[in-house]
Amino acid sequence: MSTSSLQNYRVLDAPKEIKSSRKVACHPMPYPYAVFFCHYDEDSSETRVFKVSMVGENTKDRVDAAAVCHMDSASAALLNLTDKQGKSPMCHFFSAGDLIWVQ
């Protein structure tokens, strides 16, 4: 688990893509014991993973975060996560406790 404080962060360098043919993402569920909701990407071209180095605005903490970009955001539009209707990638950071395995 991360000990970084809640604050604004500034990206230090260009994100570095983590090339992989297969990915499994897991997100913690609200149970009194460890339960994760996991899903995988069957098409390696649809989702890309990046390592992003950032520094905290207040504490100057340096953190490396995983960012995931869904290259075809049409399915995200169906979930009301974007209004672009698949015209541009949709990217998001993984929160503390989220996991991603890449191969």
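This is a predicted model: local features need pLDDT of at least 70, side-chain atom pairs count only at pLDDT 80 or more; totals for chains, interfaces and linings use all residues.

Author: The link of Cys69 and Cys91 is right-handed, with 110° about the S-S bond. Cys69 belongs to strand β6 (residues 62-70) and Cys91 to strand β7 (residues 90-93), so the pair ties together parts that are 22 residues apart in sequence. The S to S distance in this disulfide is 2.0 Å.

Reader: How many disulfides does a search of the whole structure find?

Author: The search finds 2 disulfides. The other joins Cys26 to Cys38, also with S to S 2.0 Å. Since Cys26 lies in strand β3 and Cys38 in strand β4, this pair ties together parts that are 12 residues apart in sequence. The torsion about its S-S bond is about 115°, so the disulfide of Cys26 and Cys38 is right-handed. When bonded cysteines are counted along the chain, the pattern is 1-2, 3-4.

Reader: Is Cys26 buried or exposed?

Author: A residue is called buried when its relative accessible area is under 20%. Cys26 has 3% and is therefore buried.

Reader: What pattern do the helix and strands follow along the sequence?

Author: The protein chain has 1 helix and 8 strands, and the pattern reads β-β-β-β-β-β-α-β-β. Of its 103 residues, 26% count as buried. Among contacts with a separation of 6 or more, 55% are between residues 24 or more positions apart.

Reader: Which residues make the nonpolar surface patch?

Author: Val24, Phe36, Tyr40, Leu99 and Trp101 make a patch of about 500 Å². The elements that give two or more residues to it are β4 (36-41) and β8 (99-102). Val24, located in strand β3 (residues 23-28), is partly exposed, with a relative accessible area of 33%. The chain as a whole exposes about 7,400 Å², and carbon and sulfur atoms supply 56% of that area.

Reader: With which side chains does the side chain of Gln7 make polar contacts?

Author: The partners include the side chain of Tyr9, at 3.4 Å, and that of Thr59, at 2.8 Å. Gln7 lies in the segment before β1 (9-11) and is buried, with a relative accessible area of 12%. Apart from neighbours within four places in sequence, Gln7 is in contact with Gly56, Glu57, Asn58, Thr59 and Asp61.

Conventions. Residues are numbered from 1 along each chain as its sequence is written. Side-chain values use heavy atoms; hydrogens and water are left out. Helices (H or I, at least four residues) and strands (E, at least two) are DSSP runs, numbered from the N terminus. Buried means under 20% relative accessible area, exposed over 50%, partly exposed in between (1.4 Å probe, protein chains only). A polar contact is a pair of N or O atoms within 3.5 Å; within protein, one must be able to donate a hydrogen and the other to accept it, and residues adjacent in sequence count only if both atoms are side-chain atoms. Contact means heavy atoms within 4.5 Å. Accessible areas come from the Shrake-Rupley method with a 1.4 Å probe; for residues, only the protein chains shown count as cover. Patches are made of residues with over 30% relative accessible area and no salt bridge: like charges are joined within 9 Å, nonpolar side chains (Val, Leu, Ile, Met, Phe, Trp, Tyr) within 5 Å. A salt bridge is a side-chain nitrogen of Lys or Arg within 4 Å of a carboxyl oxygen of Asp or Glu. A disulfide is a pair of cysteine sulfur atoms within 2.5 Å.
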